[in-house]
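Good morning, everyone, and thank you for making time for this.

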Amino acid sequence: MNMHTVPDQTTINGVSYNTKPGQRPVLVDKCATIPALFKQRCQSMGDRTAHREKDLGIWKTYSWKDYWNHAKWIGLALRELGLERGDVVSILSEDRKEWAYADMGIQAVGGIASGVYTTDSASQLAYLINDSDSRFLIVEDEEQLDKYLQIEDQVPGLLKVIILEDEGLHDLSHHRCMLIKDLYQIGWDTDIQEPEAFENEIDEAQPEDTALLIYTSGTTGMPKGAMLSNENIMAAIEAGARRLSVYETDEQLCFLPLCHILERDVSIYFPLAGKCIVNFAESPETVFNNLQEVSPHTFTAVPRVWEKIYSQVLILMQEATPIGRLAYGMALKAGAKRGDYKIKADKVPTGVAINYWIWDRLVLRNLRRMLGLDRMRRGGSGAAPISPELLKWYWSIGVPLVEGYGMTETAGLATMNTRFENVVGTIGQAVPGYDLRIADDGEIQTKGLNNFQGYWRNNEKTAETFTDDGWLRTGDVGRLDEDGYVTITGRLKDIIITAGGKNITPAEIESRLKFSHFISDAVIIGDRRKFLTALIMIDQENVEKYAQDQKVPFSNFASLCAAEEIKALIRTEIDAVNKEFARVEQIKDFRLIDVLLTAEDEELTATMKLKRSYVEKAHGHLIEEMY
Amino acid sequence: MSEPILKIRNIESFYGPIMAIRGVSLDVHEGRIVSILGANGAGKTTLMKTISGVMDPEKGQIIFDGREIQGQEPHRIVHSGIVHVPEGREVFPLLTVDDNLSLGAYTRNDTQGIEQDRELVFNYFPILKERRTQEAGTLSGGQQQMLAIGRGLMARPKIMLLDEPSLGLSPLLVQEIFEILRRLNKEQGMTMMLVEQNAAAALNLAHDGYVMEVGRIVMDGTAEALMKSEDIQNFYLGVQEEGAREERRWKRKKTWR
């Protein structure tokens, strides 16, 4: 890197960034690549805590030095075993510190890290390994290893499989499999023979080098690997620093899959700049307990998670004593009054503030502590639309929750509301240094250094994704107000043309439906049909609770969905939504999906969203029933 | 099918603040054997106790023979025709076999009928006749279980709730007792609700089954259908899935489909 061209610098929360965002070279503390920043941080942070992870029920701390050493060993060992610059390494694991170690180690020696969801099947794994041409595969444990063993002969390009947990695998002897501790040993030995080798590799990294591959869920066709360069990520870090500020003293909780760009940014790359501490949740099932234990300062989650926390409180309150309920109601009222000002970043009148202060002391503070939100400075929601009522509820209990928008192709971050510039119902303004426009057909298009490099070995798809003048087609339809706030109305691809010739964006109706506590997700059907219908996935917990309160008998999930009272409940929810839409956009009929879907099912994405095409295929009989 | 003889609707039962049954609904039809499967702590025994009135449900209804019986005193429930054969037998150890059986008929006063039923019990469990003067505490585990079932029969119930009749018995004895239960069902038309950990034996015997997990029913169906379910085979019947390696330890997630 040419040091003579360092642009003007500004310090934000103790880290130096370019004064003018969106300019080349994108520098964070004068580093232009992820590995360079990683090196800088590990050197300056040393023994301070980088990660925390629960081991046999106790939170243990791991320092930046551990981060550095393990990444170094992984990087050097992989290089020793045959990894060349530009080769891909796939990681198939739940979130854990080794995920970060591997990500950094791979990138430092010029490799490209590609995450695989633990919910993917063996055949999906085979596709991803072959498509990315992976040289190495890192698997978490025997369960994930078995996926590889099933497809062993379909992935001849793989040199080695590295296993993170040896439990149950002590007797494993397989020429292509090795345990992580043996990999560390190779790295250790290499480090002694070639000191400085790792640092030299890091210095070779260039901003335009591809740093990671993120496979996009691909609701249509096979998943495509989006290539993100060092510069893309640095641009995201730069934008994040201005929009999602973190302090050195912050605690975070990492629980969404790290294969997803959202958690990857927030839990691996942003902390490289922000120096905050990342706590890894034990498992997806224990998130709410871990949240309570960690009580993070910032927390980024998908709407489903925010919804769950809210439901918990709702259920708790229904079962509370009359006095408790009354107090909660009063406190919420006081909180809502203040929230109305806070949410718009207006000044709170003194009377309202005092009233809130009292109720906060009496009720809300305890509620936040119980939920693990007591230290929260900012909650973020992304990856799916969140209901405005839900946002307001969080502001009412004193948790500032803002919505943002991004996709893999924009390095995870495109627009963002902040605590100080917030319009509920929008996804905020474009992040600093990033341009955004609405095309003639309503599509949101972006331009800037966040824009990804293209799809891995798929020039055709890459070309389709960019306009002739170099703007990225997000595929989302939306509008822009005069202050630059963006509202999303739907997906371009999903536009339904009814038999009557009306164009309808189903996403708008679907997200309205999802705002109901009883509906977890919905798919609107109606392309080339006479009228619209919907397939509904109910929210198990809330609907079960409703059924019990209303004395609706049911045994399992299927019988719950079959109950007339539940159908009536959903019908009223749909009727309420129908009122907000024009006649042609109204849902005439619906069916409930009566199997409880899990992330392993093809119909769901890893973030638990329904995939239109799979749902239409798997539940075709339900659709035909309605027409 | 006809109206179920026992209908349970959204029962919730608590141990102090702990919710042991979270809204359970199920049906038992006359003449059928219904088996409840589930791991430790799933709430199976609590469900039985709630039906027989030992525990009172916080919410929900238990409708037996067209009448709501939830929350009634246990003796009235026995009187209305439900008999609970408790887990771990719980015979009166210092009383003789005969006295134990007589106690089973405590709610009745038709001497002739009682004697007939005593003969019926001895017919099904001849060993009890041999030992009728012996103290119950000196019987073997299997014999005590037989006595407990026999004592239950003495109330001439319309339905028997059997809580883990196979507990602590040898496989051979389990077979024997289950065979007798099958005969009782067939020949006497005895309706039974059976809680079991021994899923294979229970599904073999039962007509219908429910699977409970942490206080909820997660799956139900005919015994045949349940036996075919992959989840049941994997988690209750011990069928090993074909794996990539022989010594596979992990199990896939349950889906209950």
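Let me start at a single residue, Gly46 of chain A, which takes a positive phi of about 50° just after helix 1 of chain A. Please keep in mind throughout that this is a predicted model.

Which residues of helix 1 of chain A are buried? They are Ile34(A), Pro35(A), Ala36(A), Leu37(A), Phe38(A), Lys39(A), Arg41(A) and Cys42(A). The cover over these buried residues includes helix 2 (64-80), helix 3 (97-108), helix 7 (197-204), helix 8 (230-243) and helix 9 (261-274) of chain A, together with strand 10 (210-216) of chain A.

Now to the sheets of chain A. One is an open sheet of 5 strands, in the order 14-15-16-17-18, with mixed pairing. Its edge strands are strand 14 (298-301) and strand 18 (429-430) of chain A, each of which pairs on one side only. Within this part of the chain, strand 16 (residues 401-405) and strand 17 (residues 415-416) of chain A pair in the antiparallel sense over 2 bridges, and Tyr405(A) has Thr415(A), in strand 17 of chain A, as its bridge partner.

Another open sheet of chain A has 4 strands in the order 19-20-22-23, and here the pairing is antiparallel. Strand 19 (435-438) and strand 23 (486-491) of chain A stand at the edges with a single partner strand each, so one side of each has no neighbour in the sheet. From one strand to the next, the twist averages 50°. Strand 20 (residues 443-447) and strand 22 (residues 472-480) of chain A run antiparallel and are joined by 3 bridges, with Gln445(A) standing opposite Arg473(A) of strand 22 of chain A.

How many residues does each chain bring to the contact between chain A and chain B? Chain B gives 21 residues and chain A gives 17 residues. On the side of chain B that touches chain A, the elements giving two or more residues are strand 1 (6-15), strand 2 (18-28) and strand 10 (216-222) of chain B, and strand 10 of chain B gives the most, with 4 residues. By class, that side of chain B has 8 nonpolar, 5 polar and 8 charged residues.

Methods
Residues numbered from 1 in each chain as written. Chains lettered and ligands numbered in written order. Predicted model: local features only at pLDDT ≥ 70, side-chain atom pairs only at ≥ 80, totals over all residues. Contact = placed C-beta atoms within 7 Å. Nonpolar A, V, L, I, M, F, W, Y, C, P; charged D, E, K, R; others polar. Pairing = 2+ DSSP bridges. Axes fitted to C-alpha atoms, helices over the stretch in contact; angles between N-to-C directions. Buried ≥ 20, exposed ≤ 12 C-beta atoms within 10 Å, placed from the backbone.
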